[in-house]
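Please look through the structure below with the sequence beside it. The text after it goes from one place to the next.

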Amino acid sequence: MPNFRILFLLLVFLVSPLAFGILAKAALPPQGHLLDKSCSECHLAQQVTPENAKMLVARQEKLCLDCHPKALQTSHPSGIFPKSIIPADFPLDWKGEMTCSSCHTPHGREPGLMRSSQRGMKFCQSCHEAKFFDRMPDRGASLVRSGHLNPTQTNRTSVLDAVTLECLSCHEELGDTNKVGLEMSGMGGGIMRHFGSSTNHPIGTVYEKVSKTRNSGYRNVHMLPPEIALPDGKISCVSCHKSYAEKHGVLVMSNEGSNLCLTCHDL
């Protein structure tokens, strides 16, 4: 009998690491970036495995926006079906859409949670061909600096928000057809003059503050759709223009029938 007990204990000792390894492979515990969250906050399955990990309780963009509420306003498009073949290193979700985790590892620990060690243009060209950027006036320089502009970053040294200052870092030095000019106004901001057209528009103004002014002609800030970004609460370049688009400077929505203008202006 003693020999049998010794044999049994030896067998348990040998088998336990194997069993633990199988369980560890089957279940994916929270780690890294989402260490403080429970699996059920994002995943449908109670026991998350590599096979069911992509099945989430909501669209990934919504889940990420719970902690990064302004991330998609001035970022690379997400929640879209890619037009070209995406390398396997940048996985799509179960619907075939490109999501936040196509570029970022949700449970990673490395800075930026990036899926590649490449940065800048080399990272972008993992999916995009060079001709994609060659068609742009700046050959993509404004896009490859970062996949995300920070719409909530406060700039205390200027009436302009940080995103607009980044836009102006290029546009102030371009030719007249693309150049913009800034003149100070009495609204707490300035007037942006597009020298390639007759468009003049307030910028740097705190939207909510000016909208509460009697007979201001602005709609309540809570009536604005998510397409209208207000970095640091201010009227910005990205309030009207998409920050990440193949056609540089394209509007956030069609202005046919003054649709974009009437989104903010109550005329």
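**A walk through the predicted model**

H104 sits in the loop between α3 (100-103) and α4 (120-124). The model shown here is a predicted one. H104 counts as partly exposed because its relative accessibility is 21%, and the buried class ends at under 20%. Leaving out residues up to four places away in sequence, H104 touches G112, L113, M114, R115 and H148. One of these, R115, is eleven residues from H104 along the chain, and the C-alpha atoms of the two are separated by 5.5 Å.

The next stop is S78, in the loop between α2 and α3. Is S78 buried or exposed? S78 is buried, because its relative accessible area is 17% and the limit for buried is under 20%. Two polar links can be described for the side chain of S78. The side chains of S78 and E61 are joined by a polar contact of 2.5 Å. The S78 side chain also reaches the backbone nitrogen of C100, at 3.3 Å.

W94 is likewise placed in the loop between α2 (60-65) and α3. With a relative accessibility of 52%, W94 counts as exposed, because that class takes values over 50%. W94 also takes part in a nonpolar surface patch. Together with L44, M55 and V57, W94 makes up this patch of about 400 Å².

The last topic is aromatic rings. How many aromatic pairs does a search of the whole structure find? The search finds three. Among them is the pair of F132 and F133, which is edge-to-face, with 5.0 Å from centre to centre and 90° between the planes. Both F132 and F133 are buried.

Y207 and Y218 form another pair, with ring centres 5.3 Å apart; their planes stand at 90°, so this pair is edge-to-face. Planes over 60 degrees apart fall in that class. Why does the pair tie together parts that are eleven residues apart in sequence? Y207 lies in helix α8 (residues 207-211), while Y218 lies in the loop between α8 and α9 (259-264), so the pair links these two parts. Y207 and Y218 are both buried.

Note on methods
Residues are numbered from 1 along each chain as its sequence is written. This is a predicted model: local features need pLDDT of at least 70, side-chain atom pairs count only at pLDDT 80 or more; totals for chains, interfaces and linings use all residues. Side-chain values use heavy atoms; hydrogens and water are left out. Helices (H or I, at least four residues) and strands (E, at least two) are DSSP runs, numbered from the N terminus. Buried means under 20% relative accessible area, exposed over 50%, partly exposed in between (1.4 Å probe, protein chains only). Contact means heavy atoms within 4.5 Å. Patches are made of residues with over 30% relative accessible area and no salt bridge: like charges are joined within 9 Å, nonpolar side chains (Val, Leu, Ile, Met, Phe, Trp, Tyr) within 5 Å. Accessible areas come from the Shrake-Rupley method with a 1.4 Å probe; for residues, only the protein chains shown count as cover. A salt bridge is a side-chain nitrogen of Lys or Arg within 4 Å of a carboxyl oxygen of Asp or Glu. A polar contact is a pair of N or O atoms within 3.5 Å; within protein, one must be able to donate a hydrogen and the other to accept it, and residues adjacent in sequence count only if both atoms are side-chain atoms. Rings of Phe, Tyr and Trp (its six-membered ring) pair if their centres lie within 6.5 Å; planes under 30 degrees apart count as stacked, over 60 as edge-to-face and the rest as tilted.
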